[in-house]
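Please read the following note with the sequence and the model open beside it.

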Amino acid sequence: MANDGPVEHGYPHLETVRAAVTALYRRLSYDTVRTYPTSVLPVDVAFCDTDDLYLGAQRVAHELVRHYRLPDARVVVSFREMRHAASVELTAGPEYFVELNDRFRDHRRDIGAALAHEVMHVYLHRLDLSFPGVRDNEILTDTAATYLGAGWLLLDAYREDGASSQKLGYLTPEEFGYVLAKRALLFGEDPSVWFTSAQAYTAYAKGMELARRDGEQPPLTAAGWAGRRRYARDRRHAPAGPPQPGVRYAFSPDGGGRLRVSFPCPTCHQRIRVPVRGRVRARCALCRSVLECDT
């Protein structure tokens, strides 16, 4: 939690974020991911200053348990002074204890954001899905919460001006925007209509730009002129050397000596390998995206 401190920007965790999306598809399957077409709605996690603190927090926690489809999990919320925004005690269940930072007593509008992250910890714990290391595992948690429809709350909790700043979660605002954009492109959902933070809208717009560029990289036919020209040059010299910096495709010979190119799926980031023979239609086995390629 950045509270009146510097907020990191940009995409320092981008490769881990992409790996988290791939891991989510592998563990859940395409069919399960597609059962989350609707995000948590603002009305379901709204928290009025006149609401009872504990009853309101329990209500929001229950809504997130329902959204993540954890019907036999019970989340008990309490508040205490602590360094981080929140913590959760992961046990065999069905009862899980979440502690929120005391500052949320006076910042109730962001309780839903904090709980979105902590309840996702419970979800991933039950899936037995984790990344090694605390940092990468927290990035996985933020990414999963966002991709499955609750992370817009975390981005909306980002506010920054000349005098103060606040951000929840381990992703940068732009990385939250990127994952939200990936979800929006998949489900045709526009989360920006729910933002109350102007800075969140800006971060989402930047993330959308990068998310769209994922689908405009060669050998995809949507690639721009400069990318196509560089791809043609690299193909002429393949597979003589390693891929050049900034290039996500790679050439290699198959068993018969014929050239193939591998590249990440723009939806789930799993690598796809296709023959180099001109126009090719590829289907990602993980997320079932159908990709038009010019190899």
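1. The crossing of α1 and α8 is right-handed, the term being used when the near helix is turned clockwise from the far one by less than a right angle and left-handed being used when it is turned anticlockwise. The contact, meaning heavy atoms within 4.5 Å, is made by L14, V17, R18 and Y25 of α1 together with E175, Y178, V179 and L186 of α8. By class, this contact of α1 with α8 has 6 nonpolar, no polar and 2 charged residues, where Ala, Val, Leu, Ile, Met, Phe, Trp, Tyr, Cys and Pro count as nonpolar, Asp, Glu, Lys and Arg as charged, and the others, Gly among them, as polar.

2. As to geometry, helix α1 (residues 14–28) and helix α8 (residues 173–187) pack at an angle of about 35°, with their axes 10 Å apart. Axes are lines fitted to C-alpha atoms, for helices over the stretch in contact, and angles run from 0 to 180 degrees between N-to-C directions.

3. A word on the basis of these values: this is a predicted model, in which local features need pLDDT of at least 70 and side-chain atom pairs count only at pLDDT 80 or more, whereas totals for chains, interfaces and linings use all residues. Residues are numbered from 1 along each chain as its sequence is written, and side-chain values use heavy atoms, with hydrogens and water left out.

4. The protein has 10 helices and 11 strands, these being DSSP runs numbered from the N terminus (H or I of at least four residues for helices, E of at least two for strands). Its radius of gyration is 21 Å, close to the 19 Å that the globule rule gives for 295 residues, so the protein is as compact as a globular protein of that length; the radius is taken over C-alpha atoms, and the rule is 2.2 Å times the number of residues to the power 0.38. Buried residues make up 52% of the 295 residues, with buried meaning under 20% relative accessible area, exposed over 50%, and partly exposed in between (1.4 Å probe, protein chains only).

5. Helix α9 (residues 198–214) has 17 residues and reaches 25 Å from its first C-alpha to its last, close to the 24 Å expected at 1.5 Å a residue, the expected span being 1.5 Å times one less than the number of residues. In α9, A200, A203, Y204, G207, M208, L210, A211 and D214 are buried, and what covers them includes α1, α7 (152–156) and α8.

6. T22, found in helix α1, is buried with a relative accessible area of 7%, and T22 touches C268, H269, Q270 and L286, not counting residues up to four places away in sequence. A57, in helix α4 (residues 53–67), counts as buried at 0% relative accessibility, and, with residues up to four places away in sequence not counted, A57 touches F47, V77, F79 and L115.

7. S29, in the loop between α1 and α2 (30–33), has phi near 90°, a positive value in a residue other than glycine, and is partly exposed at 30% relative accessible area. R288, in the loop between β10 (279–283) and β11 (290–294), has a positive phi near 70° and counts as partly exposed at 37%. The peptide bond from P218 to P219 is cis, with omega near 10°, and P219 is found in the loop between α9 and α10 (225–237).
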